[in-house]
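Thanks for coming. I have one structure to go through today, and I will keep it short.

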Amino acid sequence: MIEVKNLTKEFSLEDKKFKAVDDVSFKVAGGEIYGIIGLSGAGKSTLVRCLNRLEEPTSGTILIDDKDITSMAKEELLKERKDISMIFQSFNLFNQKTVFENIAYPLEISNVSKSEIESRVNKLLEFVDLTEKRNSYPSEISGGQKQRVAIARAIATRPKVLLSDEGTSALDPANTKQILELFRKIVKELNTTIIMITHQMEVAKDICDRIAVMENGKIIEENTVKGIFAKPKNKRTLSFIENLIEPDESFSWKNLETKGKLLRLSYDEENSKQPVLSNLIKNFDVPINLIQGKINSVIGDSLGYMIVEVLGDNEEVGKVLDYLEENNVKVEVL
Ligand SMILES: Nc1ncnc2c1ncn2[C@@H]1O[C@H](COP(=O)(O)OP(=O)(O)O)[C@@H](O)[C@H]1O
Ligand SMILES: [Mg+2]
């Protein structure tokens with residue numbers, strides 16, 4: 001449904017040229033949620049802005065349902081843009097307009113009749129669960145609610161594609177969750193394709209079917225979420241994953257006084273299905289304490305680590321290590 005071929009966007013800085021997007025190609029299927037993740041400056045925003053030609057690509061092709069966006073004349077492009085909506089980190093609502101008027105705006109400029117606007121906006125308000133805020137102004141609602149208004153406005157013209165540029169980055173975890181739920185509902189009920197840009201792996205992991213990792217204007221890795229987590233090929237990808245599964249620094253085993261041997265057990269797809277800790281406790285007559293752990297669920301699989309303290313003599317600890325090795329658990333003695 002979306003096919004991007006060899007897309008490049010060059011900017012001139014003083015007398016130098018540099019490629020913010022450098023020969024990027026990818027395909028997104030209809031009804032898919034495709035994530036583009038990367039550090040700040042990687043070229044993510046420039047890439048999505050090229051998709052609706054808010055930014056003119058320097059070269060390359062963009063096909064949406066086989067229609068070539070890149071070669072369209074202005075008038076045709078304006079029509080086509082109704083099929084490609086966008087939401088932003090900063091919501092970009094009209095502050096002088098009510099919630100209702102914000103959502104009605106794209107319909108007004110598309111010359112939809114007043115009565116039709118009334119009924120469609122009412123349905124959209126219901127869809128994003130904001131019926132009771134219809135007469136409020138943006139300054140009177142929360143960040144999460146603002147983003148829901150922006151989403152209602154973005155889907156008012158029933159677009160085929162919804163682009164989200166850091167759409168959840170300004171929100172707290174609870175509001176982020178709500179917006180992601182709304183994305184799921186949009187895909188399911190309206191069959192919209194979503195391309196979402198984020199620098200937050202925890203967001204991409206929760207919702208995307210596939211993820212592309214972007215660095216220095218290039219897509220350096222692309223896979224299903226599961227594939228990205230289970231077999232990251234690139235160092236940058238790995239660092240995104242590690243940030244997600246490493247503990248926060250506020251609590252660390254390093255500050256604890258422990259008597260036994262500390263082991264760090266790593267989980268991946270293979271061993272995460274076994275109840276390793278309970279098997280250890282069952283099979284060995286030595287006390288084993290769980291010190292710290294973090295497991296992330298990635299579409300039904302778990303990835304993460306656990307730090308345990310084994311109280312026992314060297315021989316007993318040795319047996320525990322052998323057992324873990326036999327069961328394919330990666331162990332590091334700390
Ligand atoms: N209009 C512009 N003119 C010149 N450089 C730009 C412009 N827009 C973005 N850039 C540069 O392109 C690079 C990628 O930016 P951007 O697409 O915003 O990255 P991201 O969204 O991944 O943070 C950055 O180095 C940025 O400074
Ligand atoms: Mg950006």
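I will go through the ligand site, then a proline, then a helix. Keep in mind that this is a predicted model.

Start with ligand 1. Its surroundings include Phe-11, Phe-18, Ala-20, Leu-39 and the run from Ser-40 through Gly-41, Ala-42, Gly-43, Lys-44 and Ser-45 to Thr-46. Which element gives the largest share of that shell? Helix H1 does, with three residues. Strand S2, residues 16-28, also supplies at least two.

Now the polar atoms. A side-chain N or O atom of Thr-46 is 2.5 Å from an oxygen atom of ligand 1. For Lys-44, a polar side-chain atom lies 2.8 Å from a ligand oxygen. Ala-42 uses a polar backbone atom, at 3.1 Å from an oxygen of the ligand. Alone, ligand 1 would expose 560 Å², and the protein buries 61% of that.

Next, Pro-57. This residue sits in the loop between helix H1 (44-51) and strand S4 (59-64). Is Pro-57 buried or exposed? Buried: its relative accessible area is 15%, under the 20% cut-off. Its contacts include Leu-7, Thr-8, Cys-50, Ile-62 and Thr-70.

Last, helix H6, residues 173-190. Its 18 residues reach 25 Å, close to the expected 26 Å. Buried residues in H6 include Ile-179, Leu-180, Phe-183, Ile-186 and Val-187. The face turned away carries exposed residues, among them Lys-177, Lys-188 and Glu-189. Just after H6, Asn-191 has a positive phi of about 55°.

Key: Residues numbered from 1 in each chain as written. Chains lettered and ligands numbered in written order. Predicted model: local features only at pLDDT ≥ 70, side-chain atom pairs only at ≥ 80, totals over all residues. Heavy atoms only, no water. Helix = DSSP H or I, 4+ residues; strand = E, 2+ residues; numbered from the N terminus. Buried < 20%, exposed > 50% of the residue type's maximum accessible area, 1.4 Å probe, protein only. Contact = heavy atoms within 4.5 Å. Expected span 1.5 Å × (residues − 1). Near = heavy atom within 4 Å. Polar contact = N/O pair within 3.5 Å; in protein donor to acceptor, adjacent residues only side chain to side chain. Areas by Shrake-Rupley, 256 points an atom, 1.4 Å probe, with all protein chains shown as cover. Lists of a residue's contacts leave out its neighbours within four places in sequence.
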